[in-house]
Amino acid sequence: MIRKCILDLLAARPGEYVSGEVISQQLKLTRAAVWKQIKALKDTGYEIEAQTKSGYRLLRSPVGLDEWAIERELTTGALGHPLCLFEEVDSTNELAKEQIRQGAGHGRVLVARRQSSGRGRLQRRWQSPDGGVWMSVILKPDLPLAEAAKLTLAAGIAVTDAVRDVTGLEVGIKWPNDIVVEGKKLAGILGEVVGEWNSIQTIILGIGINANFLSFDLEGDLPATTLQELLGYDTNLNLLTAGVLNRLEVELQRLENKGLNSLTDRWLERAVGIGQEVIVIRGEQTYLGVMQGITASGALVLKLAGEEMEFTAGEVRLRAVSGAYF
Ligand code: BT5
């Protein structure tokens, strides 16, 4: 808390020095205690210049995850208020469930530097080493349950746009919710509904983005990629995290105000594989067809032998025909 107050004081005077005396007076700390806090901030990646006569000047905030640096970039009314950063948790979605039971409300965001048992859909494993963005957003949207399920589509749009904004990379969405670059998965989304029937439904949107590490650090031969691999340098994870939340809040408002039509259009604009031959796998059965798009509820529409067939996300997997990228 004290560190956040010091950062607020420094950030209020960009490019200027703030004297140790001013800080110690405002925060009721000794000069030695201020110096200690500044040192601790430097240890977490803040670049702060110290001049004996003039005081302290904030030069740069860290690119690694940092609560203050994320909060500073938020333009949201609800999402990320509050935002809690953890060193390591089993899964941010599991922690979110626990916190919902204890009364956590709309907009709370949980971010972790590492997850020891990150989860994908259908209890699949999601590897979450240091350097990624692993977060869960708790939402109590003003939407009927059937509509709320579409929030995962909205999350796909938000993540795609935030990654594009921050990195300039041309990422796309692979149905239903993977964020991909040239056929390799960069990010995944896990949407879960919590709550009793008849009570206000709570949705947890779990978002995982492979950022400042190499896919080499992941176990197994996964078709995965990371921002570091694609860009060759570290991405500012605070800008990225805040960017996702800023975009997500706008998508949520769109959904609450306007309904799905514009959402499906916006999703299709960012989707990969539309109009291409794809393979859909359901149990033992495979279907080869042309991907037409998605229905209003987010089901995949495939054209086979002149007829359209719909597949829901839970039951099938989508694959590119060999040689094609997406
Ligand atoms: C997903 O599942 O893509 C949803 C991932 C959601 C992760 C976030 S992180 C924060 C929050 N807390 C959690 O515990 N989870 C959420 P799915 O489509 O089922 O993909 C899972 C599959 O992706 C695995 O079976 C692997 O094949 C592959 N995989 C695992 N880790 C990966 C990684 N880091 N990058 C790319 N692919 C990965």
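This is a predicted model: local features need pLDDT of at least 70, side-chain atom pairs count only at pLDDT 80 or more; totals for chains, interfaces and linings use all residues.
Helices and strands here are DSSP runs, numbered from the N terminus.

Let's begin in a loop. Thr 235 sits between helix H8, residues 227-231, and helix H9, residues 237-258. Is Thr 235 buried or exposed? Its relative accessible area is 3%. Buried means under 20%, so Thr 235 is buried. What does Thr 235 touch? Set aside residues up to four places away in sequence, and the list reads Val 63, Val 166, Thr 167, Asn 212 and Leu 227.

Now a helix. H2 runs over residues 20-27. Which of its residues are buried? Gly 20, Ile 23 and Ser 24. Look down the axis of H2: these buried residues fall within an arc of 95°, so they line one face of the helix. Here is the general rule behind that. An α-helix has 3.6 residues a turn, so residues three or four places apart point the same way.

The face directed away from the buried side carries Gln 25 and Gln 26, and both are exposed. Back on the buried side, what do the residues of H2 pack against? Three elements: helix H1 (2-11), helix H3 (31-43) and strand S2 (55-60). After H2 comes Lys 28, and its phi is positive, near 55°.

Next, the cores. The largest nonpolar core has 64 residues. Which residues have the most contacts inside it? Leu 151 and Val 159. Helix H7, residues 151-167, gives the most to this core: 9 residues. Let's look at Val 159 in detail. Leave out neighbours within four places in sequence. Val 159 is then in contact with Ile 179, Ala 187, Ile 189, Ile 207, Ile 209 and Val 244. There is also a second, separate core. This one has 16 residues, among them Tyr 56, Leu 58, Trp 68 and Ala 69.

On to the ligand. How many residues surround it? The count is 25. The closest are Ser 91, Arg 119, Arg 124, Lys 185 and Asn 210. Some elements each supply at least two residues of this shell: helix H5 (92-101), strand S8 (184-194) and strand S9 (202-209). The largest share comes from S8, with 4 residues.

Now some distances. A polar side-chain atom of Thr 92 is 3.1 Å from a nitrogen atom of the ligand. The side chain of Gln 115 has an N or O atom 3.0 Å from a ligand nitrogen atom. Arg 121 uses its backbone: an N or O atom there lies 2.9 Å from an oxygen atom of the ligand. How much of the ligand does the protein cover? On its own, the ligand has 800 Å² of accessible area, and the protein covers 91% of that.

Last stop: Arg 119, one of the closest residues to the ligand. Where is Arg 119? In the loop between strand S4 (109-115) and strand S5 (133-139). Its relative accessibility is 17%, so Arg 119 counts as buried. The side chain of Arg 119 makes polar contacts with two side chains. One is that of Glu 94, at 2.5 Å. The other is that of Glu 192, at 3.2 Å. Leaving aside neighbours within four places in sequence, the contacts of Arg 119 also include Ser 91, Asn 93, Lys 97, Arg 124, Trp 126 and Leu 190.

Technical notes: Residues are numbered from 1 along each chain as its sequence is written. Side-chain values use heavy atoms; hydrogens and water are left out. Buried means under 20% relative accessible area, exposed over 50%, partly exposed in between (1.4 Å probe, protein chains only). The arc is that of the directions from the helix axis to the C-beta atoms. Contact means heavy atoms within 4.5 Å. A nonpolar core is a set of buried Ala, Val, Leu, Ile, Met, Phe, Trp, Tyr and Cys residues joined through side-chain atoms within 4.5 Å. A residue is near a molecule or strand if one of its heavy atoms lies within 4 Å of it. A polar contact is a pair of N or O atoms within 3.5 Å; within protein, one must be able to donate a hydrogen and the other to accept it, and residues adjacent in sequence count only if both atoms are side-chain atoms. Accessible areas come from the Shrake-Rupley method with a 1.4 Å probe; for residues, only the protein chains shown count as cover.
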